[in-house]
Amino acid sequence: MLQRKESGSLLPMTTATIATIATIALSLMASAASAQVNPETGDVGANAQASGRFSGNASAVTAQPVATAEPAANVGAAAPTDPALAGPTDHSGVVGSWGVGFFGITNVPICTNPADCATGDPTLAAPTIGVRYWLKDTMAIEGAVGFYNHSGGGEIKPAVGVTPRTYDDASLTAFALHGGLPIALADSKHFTFEVIPELNLGIAGGSRRGVTSADDESYSGFLFQLGGRIGAEVHFGFMGLPKL
């Protein structure tokens, strides 16, 4: 029968002994961690690790899409307007100033029966030119004068040996006056819509010499018109000439 003998001594591994060993191990690990602190790199030890973990979590939170509210200054703001319509209109730029223009043709009567008229037309067309002055944005005054004149003559040469005969065309003259009160109903950047109550006066006269004094003719006429027109002013602001 063999017998085995072992020499040496063993410490009994009690619970208290294991706890002591664990405490010593944790102390060594804490010392090793403290030995790795490097202030030059911004590492400040355990607090830095805690701060680093907090910063990392904060970044993860702010990375999520967050809906932003519209600034109060922009809430309810009007949509941008067309630059072509922004600012004052061309019409507002002519208020308080005079304008010169053509006011149309005034037909002044010269006779009643066209067959008896020297020109075959019972009226004389007098072009009128005048001025307009805008008192305010919605009201203006205007006045114009028109004139017409016709005269002439010639010589008729019959056959050889026959005395030439001279003749005169009718001498005709007409004057016209126009007055109006334009009222602006609406306007845009380069356009003004208006109604114009107006008064037109005209007088015409003339004569034509006949072969004998018994054949002489004379003409006269008078015009009185009271009414109104609807029209518009178009300004050339789009060409850089807002007062035209």
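Predicted model: local features only at pLDDT ≥ 70, side-chain atom pairs only at ≥ 80, totals over all residues.
I started with glutamate 198, which counts as buried because its relative accessibility is 14%, under the 20% cut-off.

The structure holds five salt bridges.

Who pairs with glutamate 198? I found arginine 229, with the closest N and O atoms 2.7 Å apart. This pair links distant parts of the chain: arginine 229 sits in strand β9 and glutamate 198 in strand β8, 31 residues apart.

Then I moved on to arginine 132. It counts as buried, since its relative accessibility is 13%. I noted a salt bridge to glutamate 194, where the closest N and O atoms are 2.9 Å apart. Glutamate 194 belongs to strand β8 (residues 191-208) and arginine 132 to strand β2 (residues 123-136), so this pair ties together parts 62 residues apart in sequence. Glutamate 194 and arginine 132 are both buried.

Arginine 132 also forms a salt bridge with glutamate 233, and there I read 2.5 Å between the closest N and O atoms. Glutamate 233 lies in strand β9 (residues 217-234) and arginine 132 in strand β2, so the pair ties together parts that are 101 residues apart in sequence. Is glutamate 233 buried or exposed? I have it down as buried, at 14% relative accessibility.

Conventions: Residues numbered from 1 in each chain as written. Heavy atoms only, no water. Salt bridge = Lys/Arg side-chain N within 4 Å of Asp/Glu carboxyl O. Helix = DSSP H or I, 4+ residues; strand = E, 2+ residues; numbered from the N terminus. Buried < 20%, exposed > 50% of the residue type's maximum accessible area, 1.4 Å probe, protein only.
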